[in-house]
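Me: I'm new to this one. Can you walk me through it, starting with a single residue and then moving on to how the chains meet?

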Amino acid sequence: MLLGTVIGNVWCTKKLQSLTGQAFLLVAPEGHQGPPLVCADQAGAGPGDQVLVVSGGGARVAAGAHVPVDAAIVGIVDHVER
Amino acid sequence: MLLGTVIGNVWCTKKLQSLTGQAFLLVAPEGHQGPPLVCADQAGAGPGDQVLVVSGGGARVAAGAHVPVDAAIVGIVDHVER
Amino acid sequence: MLLGTVIGNVWCTKKLQSLTGQAFLLVAPEGHQGPPLVCADQAGAGPGDQVLVVSGGGARVAAGAHVPVDAAIVGIVDHVER
Amino acid sequence: MLLGTVIGNVWCTKKLQSLTGQAFLLVAPEGHQGPPLVCADQAGAGPGDQVLVVSGGGARVAAGAHVPVDAAIVGIVDHVER
Amino acid sequence: MLLGTVIGNVWCTKKLQSLTGQAFLLVAPEGHQGPPLVCADQAGAGPGDQVLVVSGGGARVAAGAHVPVDAAIVGIVDHVER
């Protein structure tokens, strides 16, 4: 999984019906130069939260097998111990 | 998922039968240096639209389990709030 | 999916039986600095053809669920409109 | 799979119930410039251990098909012979 | 799939039981700057062999659906024609 920070929201009126009810949050993955990910929020995260993001099939285990997503927020991080 | 912009179309007459009826749009992923992705359009997007792209198995949840695709447009973005 | 160009063939006599009958073509993905991909050809492509490549589980939807591949050629591109 | 070194722990009180009981370890993949991965530990690893990490669906074969993870520690490395 | 060269072995005494019997070979992917991959050998490869590596779910089609791996050697390359 990846650690990331919630930096925004994405709104899509015109979308597949199977995505109805999903909240899409924009997450900046930690340590990545790449673009932010759009994640289906399964943990009730909000702006500025440090979150745990699962990708690929794991996102559908979290959101539902019929939900066409490939990234989901599955936890809000309390603490990272290094 | 990724945010991207529709920049073109891809036409393939000679293709697997299981791809018949799929419209292939060329999408430039936001913030990526890499090449554009070819996506199976499930949301009726057009040139210049900002779109939500799902990759991997999620694309087949959107397009159909028997459809050999690995990227699909599943929504047209109204607004990104940062 | 990715666009790419067929640049060669790969021959493997010693391989898993479940790969028997698969033609392996070497494809240079467009716009990538990385190495070429070895793809199981499902569309009858040849050297110099511009092709549509599906990766991951989509390759097994194209080639067969029991075939241990992760990249397949699923179409020969007529035209890319930008 | 990837080789990596355990460099820390990640604590998430607020998470999906299906993640309950999973220990999340922070693993620095060897030879990667990218960020560390958060892995579900299936091998009882500890800080400083060199570990074998499986990604994607393989992580759910290790942790359980209903567990929404995409990276898991599946072995502790004794020796790498080059 | 990727082409790579076998450069070593990885030994893990403490590992998941479902990995028992798998030989882990270290493979340097051709044309990649990244680290070597640890692959479950399904083709009887040895040091210096040029091999065909399948990633993700394809590795489990090769090694067994219950085996938590994400990369497998599925062939030994005779010849690459460019």
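**One residue, then the chains**

Reply: Let's start in chain B. B:Gln22 sits in the loop between strand S2 (14-15) and strand S3 (24-29) of that chain. Keep in mind that this is a predicted model.

Me: Is B:Gln22 buried or exposed?

Reply: B:Gln22 is buried, because its relative accessible area is 17% and the cut-off for buried is under 20%.

Me: What does B:Gln22 touch, leaving out residues up to four places away in sequence?

Reply: B:Ala40, B:Gln42, B:Ala63 and B:Val67.

Me: Which side chain makes a polar contact with the side chain of B:Gln22?

Reply: That of B:Gln42. The distance is 3.0 Å.

Me: New topic. How many residues do chain D and chain A bring to their contact?

Reply: Chain D brings 27 residues and chain A brings 26.

Me: And what area is buried between chain D and chain A?

Reply: About 2,000 Å². Carbon and sulfur atoms give 59% of that area.

Me: Why quote an area at all?

Reply: Because the accessible area lost when the parts come together is often used to give the size of an interface.

Me: Back to the area between chain D and chain A. Which three residues supply more of chain D's part than any other three?

Reply: D:Trp11, D:Lys14 and D:Asp70. They supply 26% of the area that chain D buries against chain A.

Me: Which strands of chain D each supply at least two residues of the side that touches chain A?

Reply: Strand S1 (2-11), strand S2 (14-15), strand S3 (24-29) and strand S4 (37-41). The largest share, five residues, comes from S1(D).

Me: What kinds of residues make up that side of chain D?

Reply: It has 19 nonpolar residues, four polar and four charged.

Me: Which strand of chain A pairs with S1(D)?

Reply: Strand S7 (residues 79-81) of chain A. The two strands run in the antiparallel sense, over three bridges. In S1(D), D:Trp11 is the bridge partner of A:His79. D:Trp11 is also one of the three residues named for chain D's buried area.

Me: Last one. How far apart are the nearest C-alpha atoms of chain C and chain D?

Reply: They are 11 Å apart, and chain C and chain D do not touch. Chain B and chain E do not touch either, with their nearest C-alpha atoms 11 Å apart.

Terms used. Residues numbered from 1 in each chain as written. Chains lettered and ligands numbered in written order. Predicted model: local features only at pLDDT ≥ 70, side-chain atom pairs only at ≥ 80, totals over all residues. Heavy atoms only, no water. Helix = DSSP H or I, 4+ residues; strand = E, 2+ residues; numbered from the N terminus. Buried < 20%, exposed > 50% of the residue type's maximum accessible area, 1.4 Å probe, protein only. Polar contact = N/O pair within 3.5 Å; in protein donor to acceptor, adjacent residues only side chain to side chain. Contact = heavy atoms within 4.5 Å. Buried area = accessible area lost by both parts, 1.4 Å probe. Nonpolar A, V, L, I, M, F, W, Y, C, P; charged D, E, K, R; others polar. Pairing = 2+ DSSP bridges.
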